[in-house]
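Student: I would like a close look at one part of this model. Please keep it brisk.

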Amino acid sequence: MPLHDWTRVDAGIFHDFHLAWIAEIRRELNGGLLPSGYYALAEQVAGGGNPDVLTLHEPNGNGHTSDQFPTEGGGTALLTAPPQTRLVAKSEHEFYTAKQRRMVIRHTSGDRIVAMVEIVSAGNKASECAWQTATAHALAALRQGVHLLVLDAHPPTPRDPNGFHGSLGEQLDGTAYVHPGDADRTLAAYSAGSVKTAYVEPVAVGHVLRNVPLFLTPDGTGSIEVPLEPTYRRAFEGVPRRYRAVLEAA
């Protein structure tokens, strides 16, 4: 199923779809995609932000967490090869900045947060304050060692002429990103290892969404692939028929 132009419908329609897509991604993650010892929760506050899906790591038997990715016991095997995306950007500056000080975030349940999945909404782009808050939360998560997967299916605005990654990349290390002329939306997976790395897949209305990586290991070398197209398709099936017709119109 191709990506739709969500500017054709009210923000409330996308919000409803947004919630359904979150649920479908969570279902995939907890249904066997995540390795043993990891689980996903939706809409839980973490580190000052409000991510859509959190990926948490369970403590081992002695109450402590392990940085080793499990090799058996269920779940999907770890992918260690670098993801193949259209663009890759690294920030060496963050490596040296991190040496100045280190912040540790602990979850109140005692489980360690390792990753967040964020679906950008029109509300995130509705005002300068909202946009700066969204990007600041993402930047803080990366600096705290939390990997990110950001899905930005909305067109650029004057506040984000190159989408979410354009704003975040510039704040991360000053590097300018300009979206390709044929694709102004972005799917971006961020590894929060010592060298922050962004794997960016530009997309456009009409494109079929490809699988994207979600990093799990502290050094950012291990990931799984999140199936966006089937989760998007199942969520879209729940959109009221009236609005599906508007979105699917040529």
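Student: Is Arg 185 buried or exposed? Please take me through its surroundings and its charged partners.

Tutor: Arg 185 counts as buried, because its relative accessibility is 6% and the cut-off for buried is under 20%. Keep in mind that this is a predicted model.

Start with the partners of Arg 185. One is Asp 5, held in a salt bridge whose closest N and O atoms are 3.7 Å apart. This pair links distant parts of the chain. Arg 185 belongs to strand 6, residues 185-191. Asp 5 sits in the segment before helix 1, which covers 11-33. Asp 184 is partly exposed, because its relative accessible area of 23% falls between the 20% and 50% limits. In general, side chains of opposite charge can pair when their charged atoms come close.

Now look at that segment before helix 1. His 4 counts as buried, because its relative accessibility is 5%. Its side chain makes a polar contact with the side chain of Tyr 232, at 2.8 Å. A polar atom of the His 4 side chain also lies 3.5 Å from the backbone oxygen of Pro 2. Leaving aside neighbours within four places in sequence, His 4 is in contact with Val 205, Tyr 232, Phe 236, Leu 247 and Glu 248.

For context, the structure holds nine salt bridges. Another one joins the side chains of Asp 152 and Lys 125, at 3.2 Å from N to O. It too links distant parts of the chain, 27 residues apart. Asp 152 is in strand 5, residues 147-152. Lys 125 is in the loop between strand 4 (112-119) and helix 3 (128-143). Both Asp 152 and Lys 125 are buried. Elsewhere, Glu 24, Arg 27, Glu 28 and Arg 234 are linked in a network of salt bridges.

Last, confidence. The chain averages a pLDDT of 79, and 75% of the residues score at least 70. Over residues 61-72 the pLDDT stays under 50. The model has 21 contacts beyond four places in sequence for that stretch. Residues 91-109 also have a pLDDT below 50, with 17 contacts in the model beyond near neighbours in sequence. Where pLDDT is low, the predicted coordinates should not be read in detail.

Methods:
Residues numbered from 1 in each chain as written. Predicted model: local features only at pLDDT ≥ 70, side-chain atom pairs only at ≥ 80, totals over all residues. Heavy atoms only, no water. pLDDT = per-residue confidence, 0-100. Contact = heavy atoms within 4.5 Å. Salt bridge = Lys/Arg side-chain N within 4 Å of Asp/Glu carboxyl O. Helix = DSSP H or I, 4+ residues; strand = E, 2+ residues; numbered from the N terminus. Buried < 20%, exposed > 50% of the residue type's maximum accessible area, 1.4 Å probe, protein only. Polar contact = N/O pair within 3.5 Å; in protein donor to acceptor, adjacent residues only side chain to side chain.
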